[in-house]
Amino acid sequence: MFQLPKPCYIGLALSALATHASASEMFANDSPWMLGDWGGTRSELLEKGYDFTLGYTGEMGSNLHGGYDHDRTARYSDQFTFGSHLDLEKILGWHDTEFQLTITERHGDNISNDRINDPRVGGFTSAQEVWGRGETWRLTQMWIKQKYFDGALDVKFGRFGEGEDFNSFPCDFQNLAFCGSQVGNWVGGIWYNWPVSQWALRVRYNLTPELYAQVGIFEQNPSNLESGNGFKLSGSGTRGAVMPVELVWAPRIQGLKGEYRAGYYYSNAKAQDVLKDSNGQPAALSGAAYRSSSSKHGMWLGAQQQVTSLASDQSRGLSLFANATVHDKKTNAIDNYVQAGLVYKGPFDARAKDDIGFALARVHVNPAYRKNARLANQAAGVDDYDNPGFLPVQDTEYSAELYYGIHLADWLTVRPNLQYIRHPGGVSQVDGALVGGLKIQSSF
């Protein structure tokens with residue numbers, strides 16, 4: 001038996017406080033903020049161009065069955081987000097100009113690290129996506145954006161992550177394989193998703209009201225990942241740049257929203273080969289250093305489309321989605337990833353704002369990376385998986401998640417979920433894991 005982590009009690013207590021009071025009051029169901037409208041001050045500030053936010057995301061994961069370690073327990077991780085968005089046209093008279101400042105704080109533990117995955121190699125997906133990039137405070141956003149030519153050209157500069165604009169995807173699921181920009185999950189050494197930021201420039205041009213193209217250049221600086229560098233602004237440690245380009249089509253098909261993305265990224269920083277040395281021989285056998293490549297690259301495709309709706313409420317209905325990424329086989333452990341799923345919003349008339357989600361994902365390991373692990377074991381003279389010195393050979397990991405989103409108030413959604421991970425970390429010797437989860441999303 002295990003006890004529910006204390007933060008979960010907090011979420012349940014907050015849900016009990018939600019009432020049908022006026023939207024301006026604290027804990028009102030129809031208020032976007034738990035703390036209400038501050039006596040009307042919040043709405044007045046919005047009218048003047050000032051928007052302040054405090055968000056909270058908490059995630060619990062429990063290994064119900066299987067995994068690397070069958071000793072059942074629970075882990076909890078969470079994130080606080082402190083943000084301010086300024087409409088500089090209203091405040092300073094700067095035409096079509098916005099400013100965003102966001103600070104985040106993460107802490108907690110992840111059930112995937114010590115119960116689901118073999119710690120000798122770790123895993124690919126995470127049962128608690130909010131965990132990661134250090135238990136620390138970070139400057140996550142600090143950018144200014146301005147539009148030109150009646151909004152046709154959109155330029156954004158400052159500190160932010162690639163996934164904010166490129167290969168973007170919602171984050172309602174709790175498993176990392178179904179949350180956020182997937183490129184950043186499989187080439188995380190160069191593409192830094194939220195909450196990490198770096199100096200960046202993004203230029204977008206609207207070709208039509210439904211179609212736009214965008215290109216970016218992002219500082220590739222591994223030192224930004226370090227916990228002590230959450231507020232680092234200098235460029236020391238920069239190794240190069242990541243340059244993504246993307247075409248995004250956002251049509252309405254029979255009145256139903258859709259979004260389709262196709263993109264490519266290129267890094268001009270040196271990258272290490274996963275198998276060979278400078279002489280073209282397996283480095284695990286020769287003992288020489290792995291050779292360097294002058295670049296790293298890959299591409300992605302993404303699609304989201306609502307396919308049904310209710311005549312009484314077009315926001316309710318079934319939406320389908322799919323994502324795929326392909327990566328450089330010479331330098332990346334993961335060579336491809338595919339994912340697909342569905343979300344149904346408003347499943348019951350009495351629960352019109354609830355949602356149900358289900359998704360499947362496959363993460364595939366580069367054959368050259370697998371070969372390197374086999375050769376490393378051969379060189380070490382180890383062939384027994386149970387030997388502590390054995391390097392597990394990783395292949396393909398499969399993930400699935402089913403959740404039900406309970407919309408308790410406009411400021412609070414709780415999503416209990418079940419996840420199944422087959423071959424965690426791509427290691428066939430690790431038992432398939434069943435994970436029970438709970439995701440809390442709240443806005444104060």
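Modeller: Let us begin with Arg-252, whose side chain has a polar atom 2.8 Å from the backbone oxygen of Gly-255. A polar contact is a pair of N or O atoms within 3.5 Å; within protein, one must be able to donate a hydrogen and the other to accept it, and residues adjacent in sequence count only if both atoms are side-chain atoms. This is a predicted model, in which local features need pLDDT of at least 70 and side-chain atom pairs count only at pLDDT 80 or more, while totals for chains, interfaces and linings use all residues. Residues are numbered from 1 along each chain as its sequence is written, and side-chain values use heavy atoms, with hydrogens and water left out.

Biologist: In which strand is Arg-252 found, and which residues does Arg-252 touch beyond those up to four places away in sequence?

Modeller: Strands (E, at least two residues) and helices (H or I, at least four) are DSSP runs, numbered from the N terminus. Arg-252 belongs to strand β9, residues 252-253. Contact means heavy atoms within 4.5 Å. Leaving aside residues up to four places away in sequence, Arg-252 touches Glu-210, Lys-257 and Gln-314. Glu-210 is 42 residues from Arg-252 along the chain, and their C-alpha atoms are separated by 8.4 Å.

Biologist: Is Arg-252 buried, partly exposed or exposed?

Modeller: Buried means under 20% relative accessible area, exposed over 50%, and partly exposed in between (1.4 Å probe, protein chains only). Arg-252 has a relative accessible area of 47%, and is therefore partly exposed.

Biologist: How many salt bridges does the structure hold?

Modeller: A salt bridge is a side-chain nitrogen of Lys or Arg within 4 Å of a carboxyl oxygen of Asp or Glu. The structure holds 22 of them. In one, Asp-69 pairs with Arg-115, their closest N and O atoms being 3.5 Å apart. This pair links distant parts of the chain, 46 residues apart: Asp-69 is in the loop between β1 (50-67) and β2 (74-87), and Arg-115 is in helix α4 (residues 111-116). Asp-69 is partly exposed at 27% relative accessibility, whereas Arg-115 is buried at 12%.

Biologist: Which residue forms a salt bridge with Asp-114?

Modeller: The partner of Asp-114 is Arg-75, with an N to O distance of 2.6 Å. Here too the pair links distant parts of the chain, Asp-114 in helix α4 and Arg-75 in strand β2, 39 residues apart. Asp-114 is partly exposed, with 28% relative accessibility; Arg-75 has 17% and counts as buried.

Biologist: Which residues are linked in a network of salt bridges?

Modeller: The network links Asp-154, Lys-156, Glu-164, Asp-165, Arg-202 and Arg-204. Within it, Lys-156 and Glu-164 form a salt bridge whose closest N and O atoms are 2.6 Å apart. Lys-156 is buried, with a relative accessible area of 3%, while Glu-164 is partly exposed at 27%. Asp-154, in strand β5 (residues 153-160), is buried at 4% relative accessibility. The side chain of Asp-154 makes a polar contact of 2.8 Å with the side chain of Arg-202. Among the other residues that Asp-154 touches are Lys-145, Gln-146 and Lys-147.

Biologist: What is the volume of the second largest pocket, and which residues are closest to its centre?

Modeller: The second largest pocket holds about 520 Å³ of space. Of its 24 lining residues, Gln-304, Gln-306, Ser-319, Val-343 and Lys-345 are the closest to its centre. Strands β10 (256-267), β13 (296-306), β14 (317-327) and β15 (334-345) each supply at least two lining residues.

Definitions and conventions:
On a 1 Å grid over the protein atoms alone, a cavity is a set of points where a 1.4 Å probe fits but cannot get out, and a pocket is an open set with protein on both sides within 12 Å along at least five of seven lines; lining residues have an atom within 4 Å of a point. Grid points are joined across faces, edges and corners, and a volume is the space filled by probe spheres set on the points.
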